[in-house]
Amino acid sequence: PGLDPRQARMQDQDHPDSNLAIPPIQNAKGLYTKKSLTPPKEALDQLNLKYGKNIIEFSLAHRSNRTVSAFIYMWDNNDKLVVSDIDGTITKSDVLGQFLPMIGKDWSQAGVTGLLNKVQKNDYKVLYVTARPIGQISMTKNYLSTIVQNGETMPEGPVLTSPDRMITSFTREVIRRKPEEFKIECFKSIQSLFPNGTGSPFFAGFGNRGSDAISYRAVDIPNYRIFIVNPHGQISNGDSKVFETSYSLMHEIVDCVFPPVSKREDTSSSGIDGKKPSQYSNHNYWSQRPSSYLSPEQLAAISSMT
C-alpha cells in the first residue's frame, strides 16, 4: 500500500488494436512487489499468453504517457533452443561490432543470417545472449533487426542481456573477464523452467570465447554442439580443432548438425520407433576425436601399425 503499482497491458497479435489490462498483483501480505526480475505466476496466468511471441507493455499508473514495451515468449516444454552470443559471434569482433554499425558499417559475420534462419526453419528456437548492460537492450535489438544478408534478416528470438548497469557489466566483462558468471546464471534460470526428465532444453550454442564454451557446458550442451567462431569467420567445435567450418559452409550440412525437430532422433539409449539415438548421427560421429570412442589399448595397437 502506498506504492503506485505497475500495470501491464498485453497486445493481442491477432487484434493489434486491443489491449488486455492486467491488474496489479499483491502478495499474501497485501504488498506489491516493488522490484523483481521474475513475474509471479499469478501475473503470467492473467496474461493469457499464446504460443510464440507475445507483446507486453508496462506503464506507470500515475504516468499514463510513460510506457515500456517488451516481448514474452511462450514455448513448449519439448522445444529445443539454439543459443547465439552476439558480440564477436554474430559480429566480427567484440568492440568494433558495437561501434561500427553506429556509423553504418556492416560488421556481421558472413553467412550468419542464412544459417540461423535454416536452424529456425528446422523448428529450433533461436535465443540471443549478450553480456551488454540492460541499458543497451534497445540498441542491441535494433542492431539485430538491421542485419541483412542476401535478403535475409536475423531470425526472431528473445534477446537476453545482463540486468546490471554499465559499470557493473563492464567490470565483469573487461576487468574481471568473467562474462560466463552472468550467462551461466541466465541459462540455468531458463533451464529451470523446463520440467525434469525432458533433458536439457539447450541443443547447441555459438560463441567466440572459451568463456562461452564454459557457459554452454554448464547447461549440458555437449562439446560437439558448441561452435566457437573467430574474427575471420572460422568455426571450430568446442575446444578442439577436429571440426572446422564457417557459417556459409554450415548451410550445406545444417540438416545433419541440426536435424529437423519433427525428424530428430531420440536421445535415449533405446531410441524410438527403431531410430538410432541422435548421438550416433554422422556429424556427431565424425566430429569426435578417436580417443573419445577408442580404448587406450586400441589406440596403442593402431599406433604400432603406423
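Student: What makes strand 10, helix 7 and strand 11 a right-handed β-α-β unit?
Tutor: A crossover is right-handed if, with the strands pointing away from the viewer, the path from the first strand over the helix to the second runs clockwise. Strand 10, helix 7 (residues 210-217) and strand 11 make a right-handed unit, so their path runs clockwise in that view. Helices here are DSSP runs of H or I with at least four residues, and strands are runs of E with at least two, numbered from the N terminus.

Student: What is this based on?
Tutor: This is a predicted model, in which local features need pLDDT of at least 70 and side-chain atom pairs count only at pLDDT 80 or more, while totals for chains, interfaces and linings use all residues. Residues are numbered from 1 along each chain as its sequence is written, and side-chain values use heavy atoms, with hydrogens and water left out.

Student: How do you know that strand 10 pairs with strand 11?
Tutor: Two strands pair if DSSP finds at least two bridges between them. Strand 10 and strand 11 have 3 bridges and run parallel, so they pass. Within this pair, Phe206 stands opposite Phe227.

Student: How does strand 11 run relative to strand 12, parallel or antiparallel?
Tutor: Strand 11 and strand 12 (residues 234-237) run antiparallel, with 3 bridges. Ile228 stands opposite Ser236. Their hairpin has 4 residues between the strands, and Gly233 takes a positive phi near 85° there.

Student: Why are both faces of strand 11 called covered?
Tutor: Ile226 and Ile228 on one side, and Phe227 and Val229 on the other, are all buried. Buried means under 20% relative accessible area, exposed means over 50%, and partly exposed lies in between (1.4 Å probe, protein chains only).

Student: Why is Leu249 called partly exposed?
Tutor: Its relative accessibility is 48%. Leu249 lies in helix 8.

Student: Which residues of helix 4 are buried?
Tutor: They are Thr140, Tyr143 and Leu144.

Student: How do you know that they line one face of the helix?
Tutor: Seen down the axis of helix 4, they fall within an arc of 95° (taken from the directions from the axis to the C-beta atoms), so they line one face. An α-helix has 3.6 residues a turn, so residues three or four places apart point the same way. The buried residues of helix 4 pack against strand 6 and strand 9 (159-162), contact being heavy atoms within 4.5 Å.
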